[in-house]
Amino acid sequence: MKFNWGHGILSFLIVFLALCAAFIVFSVSQSHDLVTDDYYNQGANYSGQILINQRSEPYQDSINISKYENFISIDLPESILSMTDSMELFFYRPSDKSKDIKTSLKDLSESFQFNIEGLSYGRYKVLFTWTGNNEEYLVSKTLDIK
């Protein structure tokens, strides 16, 4: 049997459809999580987030995170401690939503420690949120766990 142009076209179509099927299987198996579950609501309220960021700007450099071998130490200034009763701490992992950790700090002190055994290796964005004087504040820091 000779190989003619009809066989060539058929071979090309079979290879093309096999590659399309492989691409579809690969695409379906990928994670497609959004940054947050209520992505569209946060986008609609972005002007409010800008106000929170402007209000929090003076406190950006006052929160210090020090990483040690098995824990991290977080130092809070007296100006933040005097205005709030509780703070929420959110370890946001941009590359994997399942590794995010959210915790609430009830008893605030100038310095406290957080065990990093629950955190996997990689980069985290640590978000501090608190309410003081009936206004919400948010400070963001970057933390690398190695």
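The model is predicted, so local features need pLDDT of at least 70 and side-chain atom pairs count only at pLDDT 80 or more, while totals for chains, interfaces and linings use all residues. Residues are numbered from 1 along each chain as its sequence is written, and side-chain values use heavy atoms, with hydrogens and water left out.

**The whole chain**

Along the principal axes, the C-alpha atoms fill a box of roughly 90 × 40 × 20 Å. The radius of gyration, taken over C-alpha atoms, is 25 Å for the chain, whereas a compact globule of 146 residues would have a value near 15 Å, the globule rule being 2.2 Å times the number of residues to the power 0.38.

Switching to a surface view, the chain exposes about 10,500 Å², of which carbon and sulfur atoms supply 55%; such areas come from the Shrake-Rupley method with a 1.4 Å probe, and for residues only the protein chains shown count as cover. Of the 146 residues, 25% count as buried, where buried means under 20% relative accessible area, exposed means over 50%, and partly exposed lies in between (1.4 Å probe, protein chains only). If contacts (heavy atoms within 4.5 Å) are drawn, then among those between residues at least 6 apart in sequence, 55% join residues at least 24 apart.

**Helix H1**

Select residues 5–29, which make up helix H1, and find Ser11 within it. Ser11 is partly exposed, with a relative accessible area of 35%, and a C-alpha to C-alpha distance drawn from Ser11 to Val28 spans 26 Å for a separation of 17 residues in sequence.

**Charged side chains**

Colour the charged side chains next: there are 12 positive and 18 negative ones, and the centres of the two sets lie 13 Å apart. Lys and Arg count as positive and Asp and Glu as negative, with His and the chain ends not counted, and each charge is placed at NZ of Lys, CZ of Arg, CG of Asp or CD of Glu.

The structure holds four salt bridges, each being a side-chain nitrogen of Lys or Arg within 4 Å of a carboxyl oxygen of Asp or Glu. One of them joins the side chains of Lys102 and Glu88, at 3.7 Å from N to O. Lys102 lies in strand S4 (residues 101–105) and Glu88 in strand S3 (residues 87–92), so this pair ties together parts that are 14 residues apart in sequence. Lys102 counts as exposed at 56% relative accessibility, whereas Glu88, at 32%, counts as partly exposed.

Select Lys99 and Asp96 for another salt bridge, in which the closest N and O atoms are 3.9 Å apart. Lys99 is partly exposed at 35%, and Asp96 is partly exposed at 24%.

Then select Arg123 and Asp144, whose closest N and O atoms are 2.9 Å apart in a further salt bridge. Because Arg123 belongs to strand S6 (residues 122–132) and Asp144 to strand S7 (residues 135–145), the pair ties together parts that are 21 residues apart in sequence. Asp144 is partly exposed, with a relative accessible area of 30%.

Staying in strand S6, move to Thr129, which counts as buried at 18% relative accessibility. Leaving aside neighbours within four places in sequence, Thr129 is in contact with Met87, Glu88, Tyr137 and Leu138.

Not counting residues up to four places away in sequence, Thr131 touches Met83, Thr84 and Glu136, and its C-alpha atom is 9.6 Å from that of Glu88, 43 residues away along the chain.

The last stop is the loop between S6 and S7, which holds Asn133 and Asn134. Most residues other than glycine have a negative phi. Here, however, Asn133 has a positive phi near 55 degrees, and Asn134 has a positive phi of about 60 degrees. Both side chains can be shown in the surface view, with Asn133 exposed at 61% and Asn134 exposed at 79%.

How values were computed: Helix = DSSP H or I, 4+ residues; strand = E, 2+ residues; numbered from the N terminus.
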